[in-house]
Amino acid sequence: MRFAAALTAGAVVAVATLLPDIALAAEAHELPGETMSLWWALPFAGLLLSIATGPLLFHHVWEHHYGKITLFWAALVVVPLAVAFGMPSATEAVLHALLTEYMSFIILLFALFTISGGILVAGNIHGTPLVNAGLLLIGAMLASVIGTTGASMILIRPILRANDNRPFNAHVVIFFIFLVSNIGGSLTPLGDPPLFVGFLRGVDFFWTTTNLYQETLFVGGLVLAVFLAMDMVLHRREDGAPKIKDPTPDTKVRIRGLANVPLLAGVIGAILLSATWKPGVAFAVQGVSLELQNLVRDTIILALAFLSLAVSRKSHREANNFHWEPIAEVAKLFAGIFICIVPVIAILRAGPDGALAPLVSLVSSPTGEPNDLAYFWMTGALSSFLDNAPTYLVFFELAGGDPQHLMTTFASTLAAISAGAVFMGANTYIGNAPNFMVYAIARHRGVKMPGFFGYMAWSGAVLIPIFLLAGFLFFG
């Protein structure tokens, strides 16, 4: 029983990690978390397990039916909630999660995905160690402005073209995932989904910029230094190897689709507007209160995405291999996640009185104070195998869930949670959405990428020692 409870608790945390917005639903509608058992977490755990194993173990079934699988797990939450607490309460709790957080969450991802897909980096350069390091640095900085997904999709093809005549090039893509698809997105809510979840919960837009820049510079700088040293060694080894004809000879690099750049600026402006403009106006939808500033923000962001489709050339999107399936998959999966995490968040909010009390004790000292190092590693460990946005939400709730308190008194704890979620999403292919997308693109272009566990060997050798140093330096 203890093993089953521990296993379920771990699954619950993982699930809660995937569904940040449902925390609000549990709070607002006061589901009795202290009386709810861990059985309520099983749909969340089942959905997470499906997401983690489906693409790897039953790819074709998952590819064609992931929406139905997600709906099945969501129904296993909604129906029991309706039976246990009544249809009105269950409906209101689910709608609160979907309308107040999921919609804003998916609208932002949709906009960044759509707008960045209209920007084409054309041309080709030779991938020397310094050029590659420069591209990774640019991509990492860009990730906090247009998101890890946007930066990854814009830059992965140029960096593949730059290195397509090198016999050793898989490491370039691996470090690209480390830096551009993960670590670089740690400085703004635009950068990585977990930070936007924090913004939706009340964390100031520039809080991560001012509180995570040292950790980001330390970790990102060390990873980039390791890459440069490794690429220089491999580049020298290639000098004595037979030359490979460059399939895309060097040409001048040009950035196309620049009309999308002000649209990205508009997305940032809309988010800042919602953070500063508080008119005090709200609308009720089935008992759920929607604030005017958030509705205006989401409307502007959505309009900018559709404007991008109008002003972008079709040829640019075709050259980027742009299609809707990735964002459609994210939208369906996260809808299920936000629903399945509702009862999990209710249990977490019960703290030591809830079924997840053992988990609470793991991240707290005997005096009840948060253990920042434990928060960093536990958030990171789960973010490695689950989507890092829900993981962030789980530990955000475990730390109290009060953004004002976390940004001030427990600022180091919030920094540990944020850094763990963003940085350690790089540990596996499934830790963050762009990871697997980059892997698939590189494989399609002929790069001999390592498999799931081969990639973990790379992240274990490069990232884990750096995370150990960072953990003790900043959170120990």
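User: Which helix gives the most to the lining of the largest cavity?
Analyst: H13 does, with four residues. This is a predicted model, where local features need pLDDT of at least 70 and side-chain atom pairs count only at pLDDT 80 or more, while totals for chains, interfaces and linings use all residues. Residues are numbered from 1 along each chain as its sequence is written, and side-chain values use heavy atoms, with hydrogens and water left out.

User: What counts as a cavity, and what is lining?
Analyst: On a 1 Å grid over the protein atoms alone, a cavity is a set of points where a 1.4 Å probe fits but cannot get out, and lining residues have an atom within 4 Å of a point. Helices are DSSP runs (H or I, at least four residues), numbered from the N terminus.

User: How much space lies in the largest cavity, and which residues lie nearest its centre?
Analyst: About 130 Å³, the volume being the space filled by probe spheres set on the grid points, which are joined across faces, edges and corners. Its lining has 13 residues, with Leu109, Thr149, Ile327, Val330 and Ala433 nearest the centre. Helices H5 (87-116), H13 (325-340) and H20 (433-444) each supply at least two residues of that lining.

User: And the second largest cavity, how much space is in there?
Analyst: About 90 Å³. It is lined by 15 residues, and among the closest to its centre are Leu109, Leu112 and Pro193. Here H5 has the largest share of the lining, five residues.

User: Switching to H16: how far does it reach from first C-alpha to last?
Analyst: H16 (residues 372-385) reaches 21 Å with 14 residues, close to the 20 Å expected at 1.5 Å a residue; the expected span is 1.5 Å times one less than the number of residues.

User: Which of its residues are buried?
Analyst: Asp372, Leu373, Ala374, Tyr375, Phe376, Thr379, Gly380, Ser383 and Ser384, where buried means under 20% relative accessible area (1.4 Å probe, protein chains only). Their cover includes H15 (357-362), H17 (388-398), H19 (411-423) and H21 (452-474).

User: Last one: is asparagine 260 buried or exposed?
Analyst: Buried, with a relative accessible area of 0%. Asparagine 260 is found in H10 (residues 260-276). Leaving aside neighbours within four places in sequence, asparagine 260 is in contact (heavy atoms within 4.5 Å) with Ile115, Gly118, Ile119, Ser308, Ser312 and Arg317.

Conventions: On a 1 Å grid over the protein atoms alone, a cavity is a set of points where a 1.4 Å probe fits but cannot get out, and a pocket is an open set with protein on both sides within 12 Å along at least five of seven lines; lining residues have an atom within 4 Å of a point. Buried means under 20% relative accessible area, exposed over 50%, partly exposed in between (1.4 Å probe, protein chains only).
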